[in-house]
Amino acid sequence: MDILSFGQLVVSGAFMGLVYALIAYGFQLTYATSRTTNFGQGELVTASALVALSITHLGLPYGLMLPCGLGFGALAGLAMERTAVRIALQEKSEGWIMLTIIVGLFIHSTCENIWGQADRPFPTPIPSEAFQVLGIAITPLELSVALGALGVMGLIELFKRRTLLGKAVQAVAADPEAAGLMGISARRAVMLSYALSGMVAALAGILVAPITTVGPPMASGLVLKAFSVAVVAGLDSGFGAILVGMFLGGLENLTSFLVGSGWRETPGLALLILTLAVRPNGLFGRAAIRKV
Amino acid sequence: MRRFLFLRGAEALALALLAALPLAVHTPYALGLLTLLPIYGVLLIGLDVSVGYLGLINLGQVGFLGLGAYTAALLAIRLGWGLLASLAAASGAGLALGCLLALPALRLQGPPFALATLSFSALAATALNELEGLTGGARGLSFTHPACLGAALEPRAFFWLCLAVLALVWTAMRNLLAGHPGRAFEALRDSPIATDAMGVGSYRHKVAGFALGSALGSLAGGLYAFQFQHLQPQVFTHEFMAVLLLGVILGGRRSLWGALAGATVVVLLPNLLSVRPVFSVLAGAGLLASLVAGVRRLRRRTVDPFRALAPICATALLAAGALLARRTEDWRLAVFALILFAVVVGLPDGLMGFAARSLGGMLRVPPPPLPAPASLEQALPLRLPAPGAVLEVEELRRHFGGVKAVDGITFAIQDGAIHGLIGPNGSGKSTLVNVVSGLYPPSSGRVRLRGARANLPGLVAAARAGIARTFQNLELFGGLSVLDNVMVGLNSGFRQPLALTVAGLGEPGERRAQADALALLAFVGLEGQARERARDLPSGAQRFLELARALARRPSLLILDEPAAGLALPDVRRLIGMIRTIHQRGITVLLIEHHMDVVTELCHRVTVLDGGRLLAEGPPEAVKRDPRVLEAYLGLPGEPGNGEGTP
């Protein structure tokens with residue numbers, strides 16, 4: 001394999017990897033405030049993309065569809081929090097987080113029945129004709145994924161650091177009880193983080209759908225890789241998620257080219273188990289101290 | 001005896017009924033379903049180990065099922081192994097892979113562990129699909145039954161074989177859970193730290209438990225392969241995993257009967273879904289049950305309204321679906337999800353948990369009587385202190401980032417002494433104790449316990465070397481009985497070899513251990529509450545229970561972290577008496593305490609910390625008059641002679 005096609009595989013993989021990073025960032029948002037992970041995140045991605053697709057079919061322009069899709073994602077995130085997460089937080093027991101898997105299953109089955117099992121194309125006004133940079137083909141579509149992913153992550157980070165509300169969310173992440181004593185409602189902060197996380201999932205779905213097509217089977221593949229990215233990077237490092245996501249995307253493309261497309265998923269999964277063995281808190285994560 | 005007959009009788013009756021069923025069943029289809037029941041029973045018992053007893057979310061069981069199935073099938077086809085040998089090899093493979101997965105994955109709790117198991121099952125599915133040369137890939141793998149001990153098995157005989165396997169697994173599991181491993185599983189769910197501090201080792205028990213569950217999954221896989229005689233990787237997917245979780249939760253976690261009930265549901269569910277009238281009736285019955293339960297809960301206000309209403313909504317959706325949906329099979333996953341949701345929220349203990357509670361109310365089966373307590377001399381044998389230090393701490397430092405919690409401390413504890421450790425809040429006492437007992441590794445410096453190597457790595461190693469401790473913020477095993485709390489840590493040599501426990505021969509040792517544990521409970525005045533749950537004791541009694549539990553380790557060094565905190569005055573007097581007795585039995589005591597009078601009365605030597613450094617050391621009377629100590633406590637240059645002051 002010559003260096004150019006190697007570069008091509010890595011670069012287009014890395015663009016795809018930004019989508020994993022974006023979904024992984026959604027996990028990190030909720031993990032920070034509540035130490036919970038939404039196992040139904042993949043279903044939120046698909047459902048939001050499918051809703052956006054239906055809105056497009058209604059004839060709304062892309063510029064209007066985007067906020068509607070994001071709004072649906074936020075609402076779905078809130079619904080997930082109410083039905084599945086809040087009990088887990090009340091019971092202070094991890095087993096209950098299984099409820100998110102259950103709600104995810106329900107969403108999955110509903111999508112299958114409404115939109116069918118097949119993958120569908122997703123129309124977009126962004127052109128997909130490639131242009132060349134140093135001999136490597138890049139499409140504007142891929143650029144839009146990168147811009148959208150990095151942009152929204154940057155905006156949320158700004159919100160967390162620069163606004164009072166964002167600081168309140170971070171206070172809850174650091175210590176929910178102390179934040180509660182200062183008059184910050186931990187429950188609202190968790191709700192906000194789930195709404196943001198759902199919105200991020202919707203954006204990921206809408207960005208990636210024109211490239212991969214959209215349908216119920218899309219969820220499990222995407223979400224497994226995003227999980228890998230989140231754990232390998234560390235559940236508290238957004239910056240790490242970007243790096244690991246791009247790395248994994250490139251690695252995946254290479255594996256699929258060199259070993260066979262059926263093995264595409266394996267590097268992420270193997271990387272995840274390997275990371276747990278070597279650095280349980282992730283490459284960029286911090287270790288927590290056990291207190292008694 | 002009555003209890004024994006009742007419980008064993010129910011098991012024998014169920015087994016006999018199941019064994020007799022094939023005589024009444026004539027269609028191969030029905031016999032096929034019946035054979036699946038023990039297979040799924042074994043599978044779900046395995047899954048229940050991690051989901052129920054260890055309290056972990058395990059999404060990997062379906063991967064072990066698939067790997068076990070392919071292992072057994074390939075051994076039979078390629079190498080011509082017999083049925084039993086293939087099954088044994090499949091469970092062995094499951095055990096080994098389970099260990100291999102659990103060793104890294106169990107270093108983390110919660111979501112990351114679930115993700116690792118999910119990745120494992122995805123990896124397993126990929127491997128089965130892609131290794132076409134071996135597994136036949138997506139086309140699948142067809143084969144015929146291998147012989148069992150040289151004889152070909154007809155379907156009915158194969159059913160009895162599966163049932164025999166289930167009976168074996170059931171018995172072994174029941175014995176295991178009744179003995180020490182079962183207690184350890186319960187304990188580590190309540191407090192992993194205390195489990196480690198009792199020398200039991202939560203990590204190794206979790207890994208062993210997970211590997212055991214995986215081995216059972218692979219064993220079930222082997223049976224599954226020989227039942228269907230055709231395998232396809234697409235079967236072992238996410239959806240199948242959801243069905244298995246449904247089985248465990250609906251049946252009831254932490255219950256062998258629950259696993260059996262769950263297996264019945266898993267076997268019957270696809271058939272119930274395809275027959276519309278049956279499904280409608282069941283959905284309606286579910287709606288009715290959840291309505292009755294929900295309204296009752298709402299009126300009694302025992303739970304928040306969401307938990308009363310959510311199961312009603314879920315079952316109402318189910319009933320609406322039964323009426324409106326064109327083909328219920330298309331909505332299979334949604335149906336599973338709705339049932340699971342209603343059960344998890346409305347009936348968290350599952351069918352069997354519910355049944356056990358209502359049956360337990362009706363049929364009061366008395367628990368087996370406890371043995372008479374042993375003497376304290378036997379439970380806590382006399383130790384003869386040797387001259388010299390039992391614990392030496394040298395230039396010990398422990399920093400957290402920039403915070404120097406312990407900053408170069410050197411001191412020694414003489415064997416057989418009661419050594420006090422005092423200091424204002426934030427002076428580094430707790431951190432020092434946590435480093436000595438192995439919870440934190442030191443940043444630098446040495447901790448040496450006599451007879452052990454320096455700087456023991458971790459709580460378990462320190463506990464096994466002879467250090468026992470109590471916790472300032474109580475770390476009891478709340479769900480266990482008072483007696484079992486003491487039995488978890490018991491180090492009196494009555495621990496049965498695992499093989500004996502599994503074979504159900506652990507009873508005599510268990511009785512002697514109970515007698516010892518009761519002696520310790522009598523010592524702290526709790527022998528009357530042996531059967532109560534630790535969570536239900538008042539806080540003073542809980543402190544004494546922690547003391548008894550730590551003594552069960554028969555330690556050479558006992559660390560008491562503020563044992564008098566929150567105790568009423570008479571209890572403080574009793575505590576002082578107990579510590580005296582412990583000292584007379586030859587156990588060295590390190591006492592961290594704020595009650596200055598307790599320290600003065602008991603301690604031979606006192607070490608005073610301030611700001612992570614050693615401030616003073618000496619006999620209590622001298623330390624109390626030390627001007628530096630007075631200044632640290634009161635913030636002003638001390639007036640010698642002010643001995644009454646309780647800092």
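1. The structure is a predicted model, and the remarks here should be read accordingly. In chain B, 3 strands form an open sheet in the order E4-E3-E6, with antiparallel pairing. The edges are taken by E4 and E6 of chain B; each has a single partner strand, so one side of each is left without a neighbour in the sheet. From one strand to the next, the twist averages 15°.

2. Helix H18 of chain B, residues 429-436, packs on this sheet and touches E3, E4 and E6 of chain B. The direction of H18 makes about 65° with that of E4(B).

3. Strand E3 (residues 389-400) and strand E4 (residues 403-414) of chain B run antiparallel and are joined by 9 bridges. Within this pairing, B:Leu391 stands opposite B:Ile413 in E4(B). The hairpin formed by E3(B) and E4(B) has 2 residues between the strands. In that hairpin, B:Gly401 takes a positive phi near 60°.

4. E3(B) also pairs with strand E6 of chain B, residues 444-449, in the antiparallel sense over 5 bridges. Here B:Glu392 stands opposite B:Arg448 in E6(B), while B:Leu391 stands opposite B:Leu449 in E6(B).

5. Which residues of E4(B) and E6(B) stand opposite B:Leu391? They are B:Ile413 in E4(B) and B:Leu449 in E6(B). In a regular strand, side chains alternate between the two faces of the sheet.

Key. Residues are numbered from 1 along each chain as its sequence is written. Chains are lettered from A and ligands numbered from 1 in the order in which they are written. This is a predicted model: local features need pLDDT of at least 70, side-chain atom pairs count only at pLDDT 80 or more; totals for chains, interfaces and linings use all residues. Two strands pair if DSSP finds at least two bridges between them. Helices (H or I, at least four residues) and strands (E, at least two) are DSSP runs, numbered from the N terminus. Axes are lines fitted to C-alpha atoms, for helices over the stretch in contact, and angles run from 0 to 180 degrees between N-to-C directions. Two residues are in contact if their C-beta atoms, placed from the backbone, lie within 7 Å.
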